[in-house]
Structures are given as structure tokens and as C-alpha cells.
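Here's a quick tour for anyone meeting this structure for the very first time. Have a look at it, then read on.

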Amino acid sequence: WAFAEAGFGLAMGLAVAFLTESFQIAAQVLGLQAGYGYATIIDPNSQADAGVLQVVTALISGLLFLTLGLDRQLFRVLAASFERFPAGSWAPSAASLDGIAQLGSGMFSLGLRLALPVVALLLLLDVSLAVLGRMQQQLQLLSLAFPLKMLAALALLAALAPAFARIFENSAHRTLAALWRSLAP
């Protein structure tokens with residue numbers, strides 16, 4: 001019984017982890033391109049060194065998780081699993097595990113789609129600085145490019161913050177739908 005119940009709990013936890021880790025992947029890609037990868041701080045969740053954008057993204061995704069009421073939705077899924085399957089009778093089906101696996105594969109694509117607008121802006125900024133440096137060799141572009149890229153990335157992230165909240169909400173709906181499908185007999 002314990003293994004069956006732990007299996008369902010593991011499936012639920014894995015689905016939620018896929019949701020939040022997609023934003024962590026985006027923060028990792030952005031932090032590397034924007035120059036935030038050089039600064040590390042202590043992550044309050046794991047007590048390990050982490051990039052600044054990763055810690056901020058983890059905190060924001062946790063706040064969005066609670067703000068959207070996903071904790072209550074997970075309790076509803078858990079209560080429905082107790083009603084539908086008596087203790088120890090849940091067995092994973094191919095369809096239920098396929099939904100969780102699709103969430104895992106969608107984690108990488110969602111993370112890259114979140115990071116792509118900022119990476120494209122930083123690429124345009126690099127090209128424009130290269131053209132400017134070619135036209136005016138006396139400019140010290142190395143000392144100018146680093147803070148400029150960090151500021152541009154931060155400004156675009158601030159402008160895209162409402163869209164990220166909607167994307168998180170849509171991803172949360174897909175996650176909950178996959179969890180409800182895992183309860184289907």
C-alpha cells in the first residue's frame with residue numbers, strides 16, 4: 001500500500017516540479033546570456049549557491065503557485081484520489097504516466113520559449129555593439145557591454161512579467177489536467 005500511495009504522491013510532486021523547473025531553465029539560460037551568471041547568492045530553499053535570476057525566479061514561481069490557488073487544487077486532486085482509489089489500490093496506467101512524461105518534455109520547450117525574447121534582444125544588442133565598435137575603435141565596449149546587457153535584460157524581464165504570469169497559469173492548467181487524467185481508471 002505504501003508503495004502505491006508513494007507512487008501517486010511522486011507523480012503529483014513530479015508534475016509540480018516540472019512546472020516550476022521550466023521557469024528555472026529559462027532563468028539559467030537568461031542568467032548566462034545576460035551576465036547574471038557571474039553573481040551567485042545562497043538559495044533559501046536549498047542552501048546552495050545559485051544564480052540571482054534563478055533564486056528570484058524560484059521565489060516568484062512559488063508566489064504564483066500560491067496566488068493562483070494551485071495548492072488548493074492539488075489538495076482537491078489528492079482528495080479525489082482517496083475517493084476514487086482506496087488506500088493502496090492506485091496503479092499507474094500508461095495514459096497517466098504519458099501525461100506526466102509530456103509535462104517533462106514540455107518543461108524544456110517552455111523554458112526555452114520563455115528565454116527566447118530576452119536572448120534575441122541580447123543578440124541584437126551584441127550585434128549593434130559590434131557594429132558600433134567597428135565604427136568607433138576608441139570606445140571601451142567591454143566595460144560598456146556588460147552593464148548594458150544586464151540592464152536591457154532586466155528591463156525586458158520587467159516588461160514581460162505579466163506575460164510570464166499568464167504563461168505560468170496556462171502551464172499550471174496543463175499540469176492539473178494531467179494530474180486529473182492520472183486519476184482516470
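This is a predicted model: local features need pLDDT of at least 70, side-chain atom pairs count only at pLDDT 80 or more; totals for chains, interfaces and linings use all residues.

## A tucked-away threonine

Thr175 is buried, at a relative accessible area of 5% (buried means under 20%, exposed over 50%, partly exposed in between, with a 1.4 Å probe and protein chains only). You'll find Thr175 in helix α5, residues 141-182 (helices are DSSP runs of H or I, at least four residues, numbered from the N terminus). Setting aside neighbours within four places in sequence, Thr175 is in contact with Ala15, Val16, Leu19 and Leu103; contact means heavy atoms within 4.5 Å.

Residues are numbered from 1 along each chain as its sequence is written, and side-chain values use heavy atoms, leaving out hydrogens and water.

## One salt bridge

Searching the whole structure turns up one salt bridge (a side-chain nitrogen of Lys or Arg within 4 Å of a carboxyl oxygen of Asp or Glu). Its partners are Lys149 and Asp126, at 3.4 Å from N to O. Lys149 sits in helix α5 and Asp126 in helix α4 (residues 94-135), so the pair ties together parts 23 residues apart in sequence.

Lys149 is buried, with a relative accessible area of 15%, whereas Asp126 is partly exposed at 33%.

Terms used:
Helices (H or I, at least four residues) and strands (E, at least two) are DSSP runs, numbered from the N terminus.
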